[in-house]
Structures are given as C-alpha cells and as structure tokens.
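Please read the points with the structure in view.

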Amino acid sequence: MNWSFRIFRVAGTDVKVHVTFLLLLVYLGFNAYSGGGQAELIATLAAVLGVFACILLHEFGHITMARRFGVLTPDVILLPIGGVARLQRMPDEPRQELLIALAGPAVTLAIAAGLLTYLRLTGDHTSAFSFAVDAATLPGVLFQINVFLLLFNLIPAFPMDGGRVLRSLLAMRIGLVRATRAAVTIGQTLAFVMGIGGWFLTHEIMLPLIGFFVFLGAGAELAAVETRSAGAGMRVGDMMMTHFRTIPLHARLDEATRMLLEGDQREFPAVDNNGKIEGVLSRENLIKGLTERGPLSTVEEAMSANLPQLDPGEGFEDALARIKQSGAPALPVVDRTGALIGLLSLDNIAELIQVRNAIRKDDGRRTR
C-alpha cells in the first residue's frame, strides 16, 4: 500500500503528504472543535497548515542548494514530525553536504526574521512570544514555532539537519563511513533520550514519536552509506548474473512455477521468439498471476514490462538507484546491440555487498 499521496509538483519535485499527516489534522481539528467550537477549529487548522508551509519552504531550501551541486530531489514528503526531502544521490563532497544541511535552517531563520519584522511593524511584536493559538496572533505563533524548529533542527541528532552538519564536518577529517557511524551513534543516543525523557516529562506522544523516527532514520542512513561504500568502483558487469534461465513470453504460469521450484533463480527474463528481452517475471509476479489469472495464463500477462535496461559499464550507485526506482527486484543487462547478457537483482547485490564487507573486515584484522 502506498502511504503517501502527491498533492502538487514544484520544479520537478513531487510534494507528497503522508496519510498520517492527514490523520494528525483530523485529530487536532477534532480536539479544537470539541474544546472551542468552529472558531478554535479554524484557528488550529490555520496554525498547523501555516507551520507545515514553513516546513515545506525549509525543505525547498535543502532542495535548492542540492540542485546547485547537481543533486536532484524526486520528492518531499510531509509527515506529522515534519518534512523529508529525498535526494537522488549523496553529495560528492562533505562541504556540499554541509551547505545543503545548513540551507534549510537558513530558510527557517529568514522566515522567523520576516515574521518578527512584520510583528514589529504592526505593533504586535509581543504576540511573538505568546503561546496562545488563535487567529489574531497567528503570525506570532508562526514566529515562535519557527524559532523552535530552527533550534530543534540544529540538535546534532543524525539524520536531522544538525546531525548532517556534524557528519559533514567529521567526514572532512575521518572519511564518510566512519563519520556516519559516529554521527549515527550520537543521533540514536539523543533519539533514545529524546523519546524516553520526552515521555516522562510531558506524557505526550510527539517527542517519543520523533525520537523513534530519528532512531530508524539514522540506522537506515548508515546501511545506505555502508552499501555505497562497499560498492564503490564497481560496475554492473562486475555484479550481474551471467548464468540464468530465460522464459518465453507465451509460456504458461504452471511452467514458470516448475522453473522456479527447480532452482535458486527467483527472477526470469521474459523473451520473445527471437530472444529479445520484453520483461522480467519475478516470484511476486508469478504468485500474483497465479492468484488473479490461474496457472494457464501466460508469462506475458503476469510479468513486469517496459523495465529500464542496464548497461554493463554503468556504475554501482546509478544501477542500484534505477533498480529501486523501477520497483522491480531485478533488471536485464544488455550490450550495445540490445542482446541480453546478464541480470542484476537486489538479492545478488546484497550478497555481493556482504562478501565485500566480510573481506574488508578480514583485511582489517590482518593489518592490526
């Protein structure tokens, strides 16, 4: 199930909202209406939407700076804990990551400065430090929350902005992988303290929820960095499977089932009568096809078609990104003539990474 929905697109970046954010709006709206009626409902929703507009501008600060270094951003997702901009790849240098990480807080600082200027010009600057949420003091509420967001985001809890600043500074001295491990350790420690301490101090779920997402995000980021490091310098031709079976487009699914059970192969390139690649039949495709169409339906009806094709000279990171973006567990590898010469799957990439990491650890032990 897709838990995020696109609401609009800005300069090539999809702005998505997570279903939990909609649930948050419903929850806050219900509480506001129960406590103060329609006026309180309108004021609360205006404040929440205003805050998330500021958060979206914060994320586009990151996005704009990333584009200066040639790093594209496919989408940004609004969550109950804030926004997450997904970069297509890691910046090439720690200095670039530092500037990208600081760009978001710089936008938040500019918003806070603009709101404070407005409040002073209108003679309402005292509301900037008021915690009351009502329509008359909305600019003051937004100022106060932006100041909080600025300070909160600069906490060195990776992968928050402050943690990314810390990681980039460490990477300049000790390298990306070691810097990421150090930043993740600090970030997960702070996330744990944030979650436990926040619950006992406030008995509210928000801080534990933020701590939980930070903890998971840090672990996922470390795994991604270690994967990229282990695959550095490798090409598709170094990783692809060259011994595999193909399956005809018009073969029945009961025949495909026998092929699946006869060996360890889980994805089968589907070819026409001339041996031209037309798609890939995965184990998931097969099970879905058997369930929906039955064993006498054909491979062509069940396979994933119109998949991107990889070149054997393509780099590790680009190939991994293309596989993930395609949503398929494997992609065909073709030569310049379009002939099928290999198959690259997420499973054999994971196995290769495990082998390379094991070799590196063994080499590290021998050099001590």
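This is a predicted model: local features need pLDDT of at least 70, side-chain atom pairs count only at pLDDT 80 or more; totals for chains, interfaces and linings use all residues.

1. **Lining of the largest cavity.** The residues that line the largest cavity divide into five nonpolar, one polar and two charged. They are A256, L260, R266, F268, L281, S282, R283 and L286. The volume of the largest cavity is about 40 Å³. The structure holds one cavity of 30 Å³ or more.

2. The protein chain has twelve helices and ten strands. Its C-alpha trace spans about 80 × 55 × 40 Å along the principal axes. Of the 368 residues in the protein chain, 42% are buried. Among contacts with a separation of 6 or more, 59% come from residues 24 or more positions apart.

3. **The largest nonpolar core.** In soluble globular proteins, nonpolar side chains tend to be buried together. Here the largest nonpolar core has 23 residues. Which of them touch the most other members? They are F21, F52, L56, F60 and V76. At least two residues each come from β2 (13-18), α1 (19-68), β3 (75-79), α2 (94-121) and α3. The most come from α1, which gives eleven residues to this core.

4. **F52 and a second core.** Look at F52 in particular. Setting aside residues up to four places away in sequence, F52 touches F21, L24, L78, L79, P80 and G82. There is also a second, separate core of 18 residues. Its members include M240, L307, F316 and A319.

5. **Aromatic pairs.** How many aromatic pairs does the structure hold? There are two. In one, the ring centres of F148 and F152 are 5.6 Å apart and the planes meet at 20°, so this pair is stacked. Both residues lie in helix α3 (residues 138-153). They are four residues apart, about one turn of the helix. F152 is buried, because its relative accessible area is 14% and the cut-off for buried is under 20%.

6. **The other pair.** F212 and F213 form an edge-to-face pair. The distance is 5.9 Å centre to centre, with 75° between the planes. Is each partner buried, exposed or in between? F212 counts as partly exposed, at 48% relative accessibility. F213 also counts as partly exposed, at 36%.

7. **V271.** This residue lies in strand β6 (residues 267-271). V271 is buried, with a relative accessible area of 10%. Leaving out residues up to four places away in sequence, V271 touches T246, I247, P248, L249, K276, I277 and L340. Compare V271 with A218: 53 residues separate them in sequence, and 42 Å separate them in space, C-alpha to C-alpha.

8. **A339.** Where is A339 found? It is in the loop between β9 (330-334) and β10 (340-345). A339 counts as partly exposed, at 34% relative accessibility. Apart from its neighbours within four places in sequence, A339 is in contact with V333 and V334. A339 and V280 are 59 residues apart in sequence and 15 Å apart in space, C-alpha to C-alpha.

9. **Backbone points to check.** Most residues other than glycine have a negative phi, and most peptide bonds are trans. A cis peptide bond joins F158 and P159, with omega about 10°. P159 sits in the loop between α3 and α4 (161-174).

10. **Positive phi values.** Which residue in the loop between β1 (4-10) and β2 belongs here? A11 is found in that loop. Phi of A11 is near 50°, a positive value in a residue other than glycine. A11 is exposed, with a relative accessible area of 59%. N306 also has a positive phi, near 55°. The place of N306 is in the loop between β8 (304-305) and α11 (316-326). N306 is exposed, with a relative accessible area of 78%.

How values were computed
Residues are numbered from 1 along each chain as its sequence is written. Side-chain values use heavy atoms; hydrogens and water are left out. Rings of Phe, Tyr and Trp (its six-membered ring) pair if their centres lie within 6.5 Å; planes under 30 degrees apart count as stacked, over 60 as edge-to-face and the rest as tilted. Buried means under 20% relative accessible area, exposed over 50%, partly exposed in between (1.4 Å probe, protein chains only). On a 1 Å grid over the protein atoms alone, a cavity is a set of points where a 1.4 Å probe fits but cannot get out, and a pocket is an open set with protein on both sides within 12 Å along at least five of seven lines; lining residues have an atom within 4 Å of a point. Grid points are joined across faces, edges and corners, and a volume is the space filled by probe spheres set on the points. Ala, Val, Leu, Ile, Met, Phe, Trp, Tyr, Cys and Pro count as nonpolar, Asp, Glu, Lys and Arg as charged, and the others, Gly among them, as polar. A nonpolar core is a set of buried Ala, Val, Leu, Ile, Met, Phe, Trp, Tyr and Cys residues joined through side-chain atoms within 4.5 Å. Contact means heavy atoms within 4.5 Å.
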